[in-house]
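The sequence and the structure come first, and the description follows.

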Amino acid sequence: MKKPGIFSTFLMLPAMAAGCLAIGDALAADGPIGAEDGQVTLPYAEQKFRGDVGTTYLNAAPAEFPAAVSAPEGAPNVLLILLDDVGFGQFSATGGGVPSPAMDKLAEEGLTFTRFHTTALCSPTRAALLTGRNHNVAGTGVITELATGYDGYTGIIPKDTASVAEILRQNGYATAWIGKNHNTPIYETSAAGPFDRWPNGLGFDYFYGFMAGDTNQVRPYLFENQTPIGTPEGDDYYLSTDLADQTINWLKTLEAIQPGKPWFAYLAPAATHAPHQAPKELIDTFKGKFDMGWDAYREQTFQRQKDMGIIPENTELTSRPGSLPAWDSLNDDQKKLYTRMMEVFAAYGQQVDQEVGRVLDYVATLPDAENTMIIYIVGDNGASAEGGFDGTLNENAFFNAYLMTTDDMLSRMDEIGTELHFNHFPAGWAWAVDAPFQWTKQVASHLGGVRNPMIVKWPARFSRQGETRTQFLHVIDIAPTILEAASIPEPRSVNGTAQTPIQGKSFLSTLDDAGAEEVRTSQYFEMFVNRGIYKDGWWAASLAFEPWDPVRGAFDPFKAKWELYNLDEDFSQARDIAADNPDKLEELKALWWAEASANKALPLDWRGAERFSAEETGKPNLAGDRTSFTYAGVLAGLPESSAPDLKNKSFSVTARVNIEDNANGMIFTQGGNTGGWAFYLKDGKLKAAHNYIDVAVYSVESDGTVPAGERELKMDFTYEGGEEMGKSGTLTLSVDGSPVGTGQIAQTTPFKYSLSENQDVGTDTGTAVTTDYQAPFDFQGELEEVVVDLKK
């Protein structure tokens, strides 16, 4: 096509100017600029002064400032709450054994949706929630730590799937995200950014929370917007309390400064994801309440669900997977340990209910409380079985393909629920609190992994209270529901990028009418090659791997078994009728492959813990190909994914310091009590330690104390595992070039030290690698330079 010449372009200018004036008139007169088909383009054109400028202000038309974009008249506030790792039968609001009075109260005042679905994993659910697109379309087919380079699995939310927050913000809303992120690529979470995929870059005016997939509830590493604020040091600190406080404070500030502006607040607590931690006095209130065990718990929950009308009267309780033990088959030590873990988990759940309840209570006091739409999603997936058969003191051990045993934990049972461990209950309890469904988190093929309760309340528009809704919904339906509630059309272009159409559908029609037509008649599911497809009441399911098995070998998805269920007649997926309906099963299998291809869910990848390794998967790392790293003085909070990779190789850490006698403090650390390294001075002695996934701590110390003055301190680790991962090595300490201590590190962490701990120089954020010192353990003296050298 021939480009227009200068003359042609000149002729076009009047039309272009007229078009610009028309856009300006539209903005001034009618608010949002609409395309011919009714879809808007964001951002709005800047408003320009169109009056007579004159030669001076004396003969100029009166000045007019550009008008701010206002939300549509009557647009509601929106409080969106999303809990983490919650089973359908966990909280009392849906018949479970964990008290949830705040949730119960909201259910009495609003509507409980019993056929709402997530993706079976946290980051994918959150990306789908925020964008209204399927998780693979939103680039988040798996958590960012396991990302690969394929479009559906990058861990990057694409620019063509703008978040509902960005759309609301550009239409006159104030927006805030408080709590868990886990939707920013792990290699972009350092102080170097880039920040366009942080919450502020995804449409949120304000962010307070943590960037990782999980975090210690007592010693988290937090950010405000893009500024690290570190690890809180206050007495009796708990993250759930802090997040509730921050949400209330943000709302108070907005109410004081701009009470007429509608707001969108996204509150995403860490609970009840591991680590399961809660105040001791709350834990103690649950003593003995779960002695009945997981089999009896499910039976009791199932009966309560029927009595409450949460599930149909003809629902069947699904059976225990054959690989999980019956409670009665356990020995006394196992029962004692497992019961304690469930007591801690219940306290953790009740605490987050209390804290979210404080937010709900505050919102109820606002002048526009009636026009506040509350959407409470009770879990981003089913309960987590990532503790393995026996539970664990360290969830990260599971991610390193290590399953703790009862003997590993029994002597430390009293420490469960404290900051000392990243504990997680046994898979049997996860299965139990997913009653009445089969399976758990990760298992997208079955309802235990993807069905979560949801409670909705919007008094100004919908007056129905205390009822259930049974329409089949998916997390992608949240964003379009919010947009319809606010009378904001779906944009075709946002910030210069043409948008992939929102795939979700609004469910506002269901709020007034329990018999409203189904909103969603088809939906695909996939996670770790656990596959499901729903169509007009039918559900086909193919389980690839049991979620409590971190080691996944050879697998052929074309030979995997498929099951078939009629959910219209079988609420809980209790009766596999594949053998009686082979044609229907083949129809749904073909539909799954078609949907997977259209939604970027291919290629299938069933690898397990090894996908945490950046070296194995080729994930970007700010460390790049460098083998030497120099840090001038204190540097805190560098994420593991942006730090030199110390795993499965030899390395050294050399520090130039100036110290007094009997000096103390951290020189260099990477990781925490979930796994990692520490190199430090204590009472003048030079020390180093490796925490092997909270199973064992191997340490070496100098023969004597380090003399005062300018010194060169070094730890040198020689890896002896060759090409194998997680093997042993020899650690040598030296002062001014002379060896002062040596020892064997019998086993090292192979894949990941933590999802949330950092590399620190001169201090220790988060948790301590060893109980030999107490974080933050700031370095005493001058820390002039620390150099890390990697050796191949």
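In this predicted model, helices α2 and α8 (residues 332–365) pack with their axes 7 Å apart and at an angle of about 45 degrees. Angles under 35 degrees count as roughly parallel and those from 65 to 115 as roughly perpendicular, and α2 and α8 are therefore oblique to each other. On the α2 side, the residues that meet α8 are Pro-101, Ala-102, Met-103 and Leu-106. Their counterparts in α8 are Asp-353, Gly-357 and Leu-360. Sorted by class, this contact of α2 with α8 has five nonpolar residues, one polar residue and one charged residue.

The sheet comes next. Its 10 strands form an open sheet with mixed pairing, in the order β8-β7-β6-β5-β9-β2-β10-β11-β3-β12. Strands β8 (227–230) and β12 (467–469) stand at the edges; each has a single partner strand, so one side of each is left without a neighbour in the sheet. From one strand to the next, the twist averages 15 degrees. Within the sheet, β5 (residues 174–180) and β6 (residues 206–210) run parallel and are joined by five bridges. Trp-177 stands opposite Phe-207 in β6.

Two helices are placed against this sheet. Helix α2 (residues 101–109) packs on the sheet and touches β3, β10 and β11. Helix α5 (residues 239–257) lies across β5, β6, β7 and β9. The table gives the direction of each helix relative to one strand.

| Helix | Strand | Angle |
|---|---|---|
| α2 (residues 101–109) | β11 (454–457) | about 55 degrees |
| α5 (residues 239–257) | β5 | about 170 degrees |

Asp-245 lies in helix α5. Asp-245 and Val-356 are 111 residues apart in sequence, while their C-alpha atoms are 9.7 Å apart in space.

Last comes the confidence of the prediction. The chain averages a pLDDT of 93, and 95% of the residues score at least 70. Over residues 1–38, however, the pLDDT is below 50. This stretch has 26 contacts in the model beyond near neighbours in sequence. Where pLDDT is low, the predicted coordinates should not be read in detail.

Definitions and conventions. Residues numbered from 1 in each chain as written. Predicted model: local features only at pLDDT ≥ 70, side-chain atom pairs only at ≥ 80, totals over all residues. Heavy atoms only, no water. Pairing = 2+ DSSP bridges. Helix = DSSP H or I, 4+ residues; strand = E, 2+ residues; numbered from the N terminus. Axes fitted to C-alpha atoms, helices over the stretch in contact; angles between N-to-C directions. Contact = heavy atoms within 4.5 Å. pLDDT = per-residue confidence, 0-100. Parallel < 35°, antiparallel > 145°, perpendicular 65-115°, else oblique. Nonpolar A, V, L, I, M, F, W, Y, C, P; charged D, E, K, R; others polar.
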